Amino acid sequence: MERTFLMIKPDGVQRQLVGEVIKRFETKGFTLVGLKFMKVSRELAEQHYAVHKERPFFGSLVEFIISAPVVAMVWEGKGVIASARKIIGATNPLNSEPGTIRGDFGVDVGRNLIHGSDAPETAQQEVSLWFTEEELVSWQLAVTPWLYE
Ligand code: DAT
Ligand code: MG
């Protein structure tokens with residue numbers, strides 16, 4: 001079963017959207033397999049966003065991610081990587097469709113509330129960067145037969 005890494009960024013936590021965000025993934029039918037509330041170290045933030053190292057916003061992005069607590073999560077389900085990106089919405093909240101998390105709650109690209117892995121390879125990398133095997137829980141929702149044919 002596919003897994004993806006999601007992180008509610010400091011703005012999402014400060015805006016008190018943790019429950020709202022988790023609810024959207026729960027009601028969609030995905031399974032939570034990892035969850036932690038944490039302050040992010042500079043080293044982890046830089047590793048996580050290493051692909052953007054040369055971009056002009058890299059410094060402020062890292063400062064922002066380490067500025068206040070985040071919620072790191074791993075979610076599981078059929079097609080969860082691409083589906084989570086759709087639920088999250090476009091990178092710039094002004095371009096995100098209403099009904100998406102960024103479209104419903106954000107206005108600024110530097111305050112877009114949540115991160116989601118963008119592809120199977122990055123999902124795998126990010127899950128193992130943020131979580132140890134022991135921190136991930138393999139379990140099955142009791143409603144599985146009502147979610148999957
Ligand atoms: P996404 O988070 O949708 O995968 P990304 O990987 O292109 O977007 O960029 C990572 C984060 O960097 C993004 O969530 C917010 C920030 N960012 C991206 N483009 C930016 C820009 N032009 N100005 C400021 N911050 C930006
Ligand atoms: Mg990205």
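Helices (H or I, at least four residues) and strands (E, at least two) are DSSP runs, numbered from the N terminus. This is a predicted model, in which local features need pLDDT of at least 70 and side-chain atom pairs pLDDT 80 or more, while totals for chains, interfaces and linings use all residues. Residues are numbered from 1 along each chain as its sequence is written, chains are lettered from A and ligands numbered from 1 in the order written, and side-chain values use heavy atoms, without hydrogens and water.

**Exercise 1.** State which residues surround ligand 1 and how they divide by class.

*Solution.* Step 1: list the residues with a heavy atom within 4 Å of the ligand. The shell of ligand 1 consists of Lys9, Tyr49, His52, Phe57, Leu61, Arg85, Thr91, Arg102, Val109 and Asn112.
Step 1: sort this shell, which gives 4 nonpolar, 3 polar and 3 charged residues.

**Exercise 2.** Describe the largest pocket and what contributes to its lining.

*Solution.* Step 1: the largest pocket holds about 690 Å³ of space.
Step 1: 27 residues line the largest pocket, and the closest to its centre are Tyr49, His52, Phe57, Leu61 and His115.
Step 2: elements giving two or more residues to this lining are α3 (42-48), α4 (58-65), β4 (114-116) and α7 (120-130); α7 gives the most, 4 residues.
Step 3: by class, the lining of the largest pocket has 8 nonpolar, 12 polar and 7 charged residues.

**Exercise 3.** Which element gives the most to the lining of the second largest pocket?

*Solution.* Step 1: the second largest pocket has a volume of about 170 Å³.
Step 1: its lining includes Glu2, Arg3, Ile81, Pro120 and Ala123.
Step 2: α7 gives the most to this lining, with 5 residues.
Step 3: the lining of the second largest pocket divides into 6 nonpolar, 3 polar and 3 charged residues.

Definitions and conventions
Ala, Val, Leu, Ile, Met, Phe, Trp, Tyr, Cys and Pro count as nonpolar, Asp, Glu, Lys and Arg as charged, and the others, Gly among them, as polar. On a 1 Å grid over the protein atoms alone, a cavity is a set of points where a 1.4 Å probe fits but cannot get out, and a pocket is an open set with protein on both sides within 12 Å along at least five of seven lines; lining residues have an atom within 4 Å of a point. Grid points are joined across faces, edges and corners, and a volume is the space filled by probe spheres set on the points.
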